[in-house]
Amino acid sequence: MGLVERKKPSKRQGDVSPERGSELYKETEITKTFEHDAFLEEVLKQKNTPKSQGKRIAIIGEPGAGKTTLLQQIADWVSREIHQSIVIWVSLADLRGQELKAYLFETWLTQVAEKIGKAEATKQLKDDFVALFNQKNVWLLLDGLDEMSTSSGNPLTEIARQFREGGLISQTRIVLTCRVNLWDGSINALDDFDTYRSLDFSYPQQVERFIHKWFATISETGKQLCTALKESGKERIKDLVKNPLRLTLLCLNWQSGDGKLPDTQAGLYQQFVDDFYKWKKEEFATNYEQRQQLNIKLGELAKAAIDKEATRFRLRQDFVSQFLGDADDENSLLKLALNRGWLNCVGVDTNRKPVYAFFHTSFQEYFAAKAIDDWHFFLNHIPKNPSQGTYRIFEPQWKQTILLWPGRQDLAQNQKELFITTLMNFKDGCNKCKIYSCRAYYLAAAGIAEFTDYSKADIIVALIIMLSFGYFNTKKQKWIEFLNVLKEEARSALQHTDRTKAIAALVQLLQSKNLSDSNRNKVVSNLGQIGTGNEFAIAALVKLLQSKTVDDTTRREAAESLGRINPGNELAIIVLVELLHSTHVDDKTRRQVAKNLGKIDPGNKVAIATLVKLLQSKNIDKNTHRQIVSELEQIGTDNEIVIAALVELLQSKNVDEDIHWQIVSKLGEIGRGNDIAIATLVQLLQSQDVSSFMGWLAVSNLEKISIGNEKVITALVQLLQSQDVSNFTRWQAAESLKKINPGNEIATTSLVQLLESHDVSDFTDVQAAIENLWQINPDYEILIIVLVQLLQSQNVSDSIRVQAAESLEKIGTDNEFAIAALVQLLQSQDTLDLTRVQAAESLKKIGIGNEFAIAALVQLLQSQDTLNLTCVLVASSLEKIAPGHEKAIDGLLQLLQATNLDPEIRWQAASSLKKIGTGNEKTIIALVQLVQSIHQDHNIRWQAAESLGQIIQDNKHRFEAVKALNSSWQLNQESYNVLWKCAQNMPYPDFYQAWHQHNVATRAMQSLKKILFTRII
């Protein structure tokens, strides 16, 4: 799994030149990778996620990447490992237009009632169900967001609305799965979710490991498959089988096939289909004519379902029967499809009739592609009257089918040639905009990955490269770049086009003398995304690393890309080691090289030895120390040499204390069950010189690596009974003891004694007391009273007051007493700014929908005395607690339109409006005006455009936005960004009409002016 994060622009950059404009546009990157067990432990159990603290998790990936399988494993693991958890699985395709909350309380709960012998859900059962939500024990595992049927056309927007308005649903922890093309390809209203991508297998390491395990008993066959994948011309197949499902099917195919690999994805699926009939062939024998007839009808069914059926992946019996006959008829094609496994019954509809689904959605898309012989089914362009045309090329549900179509071997070459050429030359008739022309071109770029014989493939790739990075204008003698969104989409297209040609073009571009350092870094980054295993890409990056003429940033980027595309490459390791020892690189480069040396070959002895040696050096700064410690954690789990090096550094007097803290934390990550690591942490606890914080850190990390360890249990008991350590450390010792030795009576007794002590003079004691009281009894009303008293007390320090406010956010949800105290704190003129900020932050968590809290925050926004930082945080709080609230929206709009305010406040107001102004007419009008204005701060316009893209909910709003934005004589970056987002969710004929409706009005006004002017003369 890989954590996907977006790079966001700084709020205060000032305006930038067009050449640097792309630096403002958001890009995504995998910032951290997880092995399966680490993901479950760190993300789900420890809630260690950057946005939602484990409450909102999205798992995205390609078809067949194992998203559903992983979600099933999560369901089993949460049920076992998370105490009192109630796991509810929902296949979102099963909603079939029903809202999630209604489905849970009607359909799902009725099914539960039937299982316990009741005809329907009783009031008591419903009340118990509500109680589970209120106790925050419910986990919603939502599978297949891309398969969810919606009237709005955008499942992300629709499910976000249901989460927002679903009341009890907001109390749950949610893990959902979604195809990456939907998640990244449209307006994402779920940007508060932490996103994790199911990563493909790495090639060759993981792919070949899988193959060798599959063919463990016939190893020679596995070796032959690995050799076949390395043959020239098989790059596309090699890339495709990084997908777990396709690799599984390939192994099955190879085991029973003739030892040949196809060249295209469509050819691969055709082999899969042929082999599918070989399974159970003795039990369900079929002849050639039956198979052909079934394939044709499955194609017709798949095509009609994708095109017309409301739930295209969940197929009603009546609908299926139109193509395959009756399941009760033993000789029907439906019976054959069920016996062969092409279709499976996945549930029943409201009339208790069966609902079917294909074996896998990717096969449904392949069968649909096989059923389409004429490319005009995808595109029949009527240039000046598109409402009469056909434009499935712009409908996201058809994309995968369209991309499979050119790879079919049974289609005439001239048909495929003409289709790709038509996409290349598509003119959308929206001059000054041309968004749909670009989208068609990007689709053509993806199409040549399957149709590699296309005559103009090099031209397509060259233009995609130019759109991605710009070009050098010889007349103007300067580098010219395109609008940000065009660059972003073009770079995405590079990952889906013919990779061999794309890599060659990128390597050639690297050699350009006119390429700026910034663009060279982006080219290198793209090579790191598409160049896996490619010798030309590897050689180009190694050459950059060895160059003395490129800057350190480029070499650092090259190191990172090389680590991605060629793990284990010996030459790469040698170059990286040389860089580490070089005196010509700066500390930043050295840290990045250290990081990538760990990535390039986890567990590599040379890499570990180099990092350990560097760690022991006296000539590196503390940041490099910190980076190396972090990298050693990733590549050296359970490695004795690494643990020994960390322990030695921990005992050193020559490094800063914060590095000691980091080492203790890392020992807790990599030292599970390791005697040296455990003994070191225990020794640290027993030291008289250890600080309170270090003692607490040692205790908290011991609990991770020493479950049931007797020496640790003894040490913690001694710590509890000691009078020489702080209460804070004793609290943590008691808590850890409960985890590594459940039921320990000394731990329980000590906690009770400490809780009964009301000494609140020390900040750390207060923090520990609050935390442990909450863990013992989540409904502890006394604690809320104590915290409120602390807030109101004049005899405690500001740090304690801040801690009390922060603690209320964990336990004061919907508690009027707690909310009133925080509001009072906000309104008081005597409250310090830091405390006011924390009060606003706490209200964000516990005051959702509370009118009193909303009114107080709005009042604070309108006050002339409110400081800038407080204003920003209050606006941020409103976005969480007041979705759709008119007064809150009005307050933020006033901030947005007040040109005399600090730009950062207005930026935050624009950002908050995207959360609470969804579908609000006033907000949409205000943001459109702001985006159009050339006199506004650039960053505010950027955020207004971002927010506008999020809050537009339907075609009516998009239509009006397109119309309004076309009124500008020249489109700026922000306007174009909004138009692109509208286009992603609007049928092309609707966009065309909106665009030209303004032009009609403009031409009419110009004609009227001419008539009046003529008469005056």
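How many of the residues of strand β6 (residues 173-179) are buried? In this predicted model, 7 of its 7 residues are buried, leaving the strand mostly covered.

Let's look at the two sides of β6. On one side sit R173, V175, T177 and R179, and on the other I174, L176 and C178. Every one of these residues is buried, and both faces of the strand are covered.

Next come the strands that pair with β6. Strand β3 (residues 56-61) runs parallel to β6, and 6 bridges join the two. Strand β5 (residues 138-143) is also parallel to β6, with 4 bridges between them.

| Partner of β6 | Bridges | Facing residues |
|---|---|---|
| β3 (residues 56-61) | 6 bridges | I60 opposite C178 |
| β5 (residues 138-143) | 4 bridges | W139 with R173 |

Now for the empty spaces. Rolling a probe the size of a water molecule over the atoms shows where such space is left. The model has 2 cavities of 30 Å³ or more, and the second largest cavity holds about 30 Å³ of space.

Which residues line the second largest cavity? They are L3, V4, E5, P50, K51, F193, D194 and T195. By type, this lining has 4 nonpolar, 1 polar and 3 charged residues. Strands β1 (2-7) and β7 (194-197) each give at least two residues to the lining, and β1 provides the largest share, with 3 residues.

Key: Residues numbered from 1 in each chain as written. Predicted model: local features only at pLDDT ≥ 70, side-chain atom pairs only at ≥ 80, totals over all residues. Heavy atoms only, no water. 1 Å grid on protein atoms, 1.4 Å probe; cavity = no way out; pocket = protein on both sides within 12 Å on 5 of 7 lines; lining within 4 Å. Points joined across faces, edges and corners; volume = space filled by probe spheres on them. Nonpolar A, V, L, I, M, F, W, Y, C, P; charged D, E, K, R; others polar. Buried < 20%, exposed > 50% of the residue type's maximum accessible area, 1.4 Å probe, protein only. Pairing = 2+ DSSP bridges.
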